Amino acid sequence: MPRRPRADTEVDDEWAPGPSAPSSGRKSKKAKVEEDLGKSAPGADEGIEVKTKFPVARIKRIMQADEDVGKVAQVTPTAVSKALELFMISLVTKAASQARSKSAKKVTAAHLKQVIERDEQFDFLAEIISKVPDAPVPKKEEDSEGAGEGKRKKGAPRRKKKEDEES
């Protein structure tokens, strides 16, 4: 039986739900995650556009490989995929800025190591990066012998073929 308003309460005919209020009740968890997936990711302000997505089916398989994990809800691997994407954006963006500050053209493992050591957020990776060698110290121009000469060849020059032998 449908509910009817009580006679002693007033009904506000002008009230309407706002844009943030759902019109048909609560949103499902899957709808909330899909809505969050549509929002701009961190790093989008710097012009970073992530075109790759982590494979949800593989994430679910990895989660179910653990004996302690029972059933996995359908939205869980999607949320883990998004969390992994945001983590990677954060780590790689900071490593790229570290590389730029050192005027390097490539992001190396040493740049990642420096970011992990400096940021508390990445402390859980400290054990893994202990195996990565530290960044090499750049050489000064004064220390090098051939500072203005450019590259020097090592070893003997190539021999040219004699034209006499070909005839």
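1. Which side chain meets Lys94 in a salt bridge? That of Asp119 does, with an N to O distance of 2.6 Å, where a salt bridge is a side-chain nitrogen of Lys or Arg within 4 Å of a carboxyl oxygen of Asp or Glu. Asp119 lies in the loop between H4 and helix H5 (126–129) and Lys94 in helix H3, so the pair ties together parts that are 25 residues apart in sequence; helices here are DSSP runs (H or I) of at least four residues, numbered from the N terminus.

2. This is a predicted model, in which local features need pLDDT of at least 70 and side-chain atom pairs count only at pLDDT 80 or more, while totals for chains, interfaces and linings use all residues. Residues are numbered from 1 along each chain as its sequence is written, and side-chain values use heavy atoms, without hydrogens and water.

3. Lys53, Lys82 and Glu85 are linked in a network of salt bridges. Lys53 reaches Glu85 with the closest N and O atoms 3.6 Å apart, and Glu85 also meets Lys82 at 3.7 Å, N to O. Lys53 is exposed at 58% relative accessible area, whereas Glu85 is buried at 5% (buried means under 20%, exposed over 50%, partly exposed in between, with a 1.4 Å probe and protein chains only).

4. The largest nonpolar core has seven residues, namely Leu91, Ala95, Val115, Ile116, Phe122, Leu125 and Ile129; such a core is a set of buried Ala, Val, Leu, Ile, Met, Phe, Trp, Tyr and Cys residues joined through side-chain atoms within 4.5 Å. Helix H3 (76–101) and helix H4 (109–118) are the elements that give two or more residues to this core.
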